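Work through these exercises with the structure open beside you. Each task is followed by a solution in short steps.

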Amino acid sequence: MSETKKVVQQYLPKIATGIQGFDELSHGGLPRNRITLLKGGPGSGKTVFALQSLVSAARQRDEPGIFVAFEERPQQIIANAAGFQWDMAALLKRKLFFMDANLSPGVVQSGEFDLRGMLAMLKAKKEQIGARWIVFDGIDVLLTLLQHPKSEIREIYRIRDWLAENEVDAAIFTAKIDGHGTAIANYGFLQFMVDCVIEFESRLECGVALHRVQVTKYRGTAFAKGEYPVSFGAGGMEIAGPEPTEIQQVASSERVSAGFERLDTMLGGGLFRGSSTLITGVPGTSKTTISGKFAEAACRRGERTLFVSFDEGADRIAQNLTSVGIQLKPFVKSGMLRMYSGRTESIAAEDHLVKLKALIAEHRPLCMVIDPLSAIAKAGGLTAARSVANRFIYTAKEQKITVVVTAINEGDQPEAEATDLQISTIADTWIHLSYLIRGGERNRALTIIKSRGTQHSNQVRELILSDAGPVLADVYTAGGEVLMGTLRWEKEDEERAKTIQRRSEFDQKRMALELAEADTHARIKALEHDLKRQRVELATYFSDDQVRVVSASDRQKSLRRIRSADLTGRAAPGAAAPRQKRYGSNGSGTSEKKNKTEARDGS
Amino acid sequence: MVRKKKGRASSDPVTATAVVMVLYITDSGPNSVRAVANLEAICKEHLQGNFRLEIIDVLQYPLRALADGVVVTPSLAKLFPLPAATVVGNLSDKSGVLRALGIVE
């Protein structure tokens, strides 16, 4: 790259014009020490180009210049240039000399003349002010006066030789030549003689003048071929040079709010910083409201914001938005928000771009809204508007401005969602707003058609405007139909009723289960009672048996006593004794247990 | 080179109706040489010495010529009698020059 550059500089040095876009498309500017011809019809921008080159050379590189005016009076040219912020008055003192070379209509021509005298005068002036640039504006007027084709060629050569001799850095000829024909006999020769030809064109398209520029010849160097749009802003002429073929934008992973929470959720956390969002919809679908909400949220975060509206007053918009709880006026007052309203009739799209760029440079916003961007296509044809819309979005991206633009589409067919401006393809996020008419109601629906690099909801949401701002509500799909508005309310009521029913059913079931549980408990109690009774019975039975055993033993003893029998050697009473003992102790144990059981039942 | 030519001797008073002219030329350029010759002939024939002519070589006095509003050369400026008039070219078209000088209507 650097090597190529070196070679180019060696063989074909160039000199920058300082005109935005031109130096890029010509790969460096005009040919140094050579002649450049600017041709085009009246009012196509030749003079502005030439003068702006002089001004920028004088101002930026301190290179004075001479402007030879053959067609217009210098005062007239200076007055015309006053519309640009060039501060010519300061330059006119030392850096810029205007030579009035008008041959007024009163001048009588008698025979041939030549430019020897003029070039002698210019040389003197050049040496006096150290001029490096020279412009011959309206050279066609001069050449026409020469009358003879031979004289034309002779004088053109004379100028060329003079320029070479005097080492002028850059010479510009402007000539009123449109593509179809010319009064100059040696037009072909003029084209041949110069090293660079730049063609200007101004044509009407849909009632708006569109300016175009094209480099048609540039000896010994590459240049961007094709027509490029020209616009005129406060700084002068701007040329929309070729877009860089490689898109170099650093993608940010930082998220910023799209305006309200639910929308952010749908977008997977918000919009990416520096991304562009397109909101489409037919009129009345709340595009402005959503973009207003975005602007308000940005201001609340403390980010400088620019709100550009077309065909509607900024104050009116701010006023309207208060009805849906969006407060922009305080931020306008604090300077955080800049609102600008532009007209669109009879203004070329290119001029809008210049204005937008100027607004960006002036306000330096982090977030920006254009509502609607589609308005720029109103005047001057679609092709230009498309190009401008694209370039605007690229400009914003380069400056890392998070942009929300709206576009109106006529008709409500889904396939018509693609906008005339074709920005849907370059926008990162595309939100579509539509109406759904069901059950005698017109309800607003919001869909995210695309959102690059992020998960996003694929569900349609109902957009409801309330005093507190826009709100998104779920929609129901029933039998393949999306329900909104009243139908949604009904569906929601139905859902609520169902919930209540489910709850009561559950309660019933629970009660039944509780009842069954209580029943079981009761039964357990009854059984325990039975058990107790049975144990008591059993205890009673054993105690009876003991009584019987004791009484039997007593009877035996009594019998022995009566009979005076010997007690020793008899096992039977010994075997009866432990039995007796066991049951005796067990008897008391049973009563203890009984007490315990009673205590438990009591609790 | 500034040459002053008068129809009469420099000491003679110029009459109130004398024509005052300045001819801007470029040294010995072909058009300039022709212009001087043509003008001298016209003066001789039509003004009978009742004129004052100043010839300025723009190559020598470019800034003066610039200040005088000269655009191309040769260029003849008639300063008096009013109205002032300018004729450009080598003055080969005699009738044009005569009209400009107010000699013929």
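A residue is buried if 20 or more other C-beta atoms lie within 10 Å of its own, exposed if 12 or fewer, and partly exposed in between. Keep in mind that this is a predicted model.

**Exercise 1. Decide whether A:Asp62 is buried or exposed, and describe its backbone.**

Step 1. Find the residue. A:Asp62 sits in the loop between α3 and β4 (65–69) of chain A.
Step 2. Count its neighbours. A:Asp62 has 10 other C-beta atoms within 10 Å, so it is exposed.
Step 3. Check the backbone. The phi of A:Asp62 is positive, about 60 degrees, although the residue is not a glycine.
Step 4. Most residues other than glycine have a negative phi, and most peptide bonds are trans.

**Exercise 2. Classify A:Arg364 and A:Lys357 as buried or exposed.**

Step 1. Start with A:Arg364. Its place is the loop between α14 and β18 of chain A.
Step 2. Apply the cut-off. A:Arg364 has 12 C-beta neighbours inside 10 Å, so it counts as exposed.
Step 3. Look at phi. For A:Arg364 it is positive, about 45 degrees, and the residue is not a glycine.
Step 4. Move to A:Lys357, which is found in helix α14 (residues 349–363) of chain A.
Step 5. Count again. A:Lys357 has 20 other C-beta atoms within 10 Å, so it is buried.
Step 6. A:Lys357 and A:Gly233 are 124 residues apart along the chain, and their C-alpha atoms are separated by 9.6 Å.

**Exercise 3. Trace the strand pairs around A:Gly233 and around β19(A).**

Step 1. Begin at A:Gly233. A:Gly236 in β12(A) stands opposite this residue.
Step 2. Name the strands. β11 (residues 228–233) and β12 (residues 236–239) of chain A are antiparallel and share four bridges.
Step 3. Find the link. A hairpin of two residues joins β11(A) to β12(A).
Step 4. Go to β19 (residues 402–408) of chain A. Six of its seven residues are buried.
Step 5. Take one partner strand. β15 (residues 276–281) of chain A pairs with β19(A) in the parallel sense over six bridges. Here A:Ile279 stands opposite A:Thr406.
Step 6. Take another partner strand. β18 (residues 367–371) of chain A runs parallel to β19(A), with four bridges between them. A:Met368 has A:Val403 as its bridge partner in β19(A).

**Exercise 4. Describe how chain A meets chain B.**

Step 1. Count the residues. Chain A puts 21 residues into the contact and chain B puts in 29.
Step 2. Find the elements. On the chain A side, β6 (108–109) and α6 (116–129) each give two or more residues. α6(A) gives the most, with eight residues.
Step 3. Sort by class. The chain A side has ten nonpolar, five polar and six charged residues.
Step 4. Look for strand pairing. β6(A) pairs with β5 (residues 85–88) of chain B in the parallel sense over two bridges. A:Val108 has B:Val87 as its bridge partner.

**Exercise 5. Explore the nonpolar cores.**

Step 1. Size the largest core. It has 97 residues, and A:Leu54 and B:Leu23 touch the most other members.
Step 2. Find the main contributor. Helix α3 (residues 46–60) of chain A gives the largest share, eight residues.
Step 3. Follow B:Leu23. Leaving out residues up to four places away in sequence, its contacts include B:Val36, B:Leu53, B:Ile55 and B:Pro74.
Step 4. Look for another core. A second, separate one has 63 residues, including A:Leu210 and A:Val405.

**Exercise 6. Locate two cis peptide bonds in chain B.**

Step 1. Take B:Thr73 to B:Pro74. This bond is cis, with omega near -5 degrees. B:Pro74 lies in the loop between α2 (62–67) and β4 (75–80) of chain B.
Step 2. Take B:Leu82 to B:Pro83. This bond is also cis, with omega about 0 degrees. B:Pro83 lies in the loop between β4 and β5 of chain B.

**Exercise 7. Judge the confidence in chain A.**

Step 1. Read the average. The mean pLDDT of chain A is 80, and 84% of its residues reach 70 or more.
Step 2. Draw the caution. Where pLDDT is low, the predicted coordinates should not be read in detail.

Note on methods: Residues are numbered from 1 along each chain as its sequence is written. Chains are lettered from A and ligands numbered from 1 in the order in which they are written. This is a predicted model: local features need pLDDT of at least 70, side-chain atom pairs count only at pLDDT 80 or more; totals for chains, interfaces and linings use all residues. Two residues are in contact if their C-beta atoms, placed from the backbone, lie within 7 Å. Ala, Val, Leu, Ile, Met, Phe, Trp, Tyr, Cys and Pro count as nonpolar, Asp, Glu, Lys and Arg as charged, and the others, Gly among them, as polar. Two strands pair if DSSP finds at least two bridges between them. A nonpolar core is a set of buried Ala, Val, Leu, Ile, Met, Phe, Trp, Tyr and Cys residues joined through C-beta atoms within 7 Å. pLDDT is the predictor's confidence in each residue, from 0 to 100.
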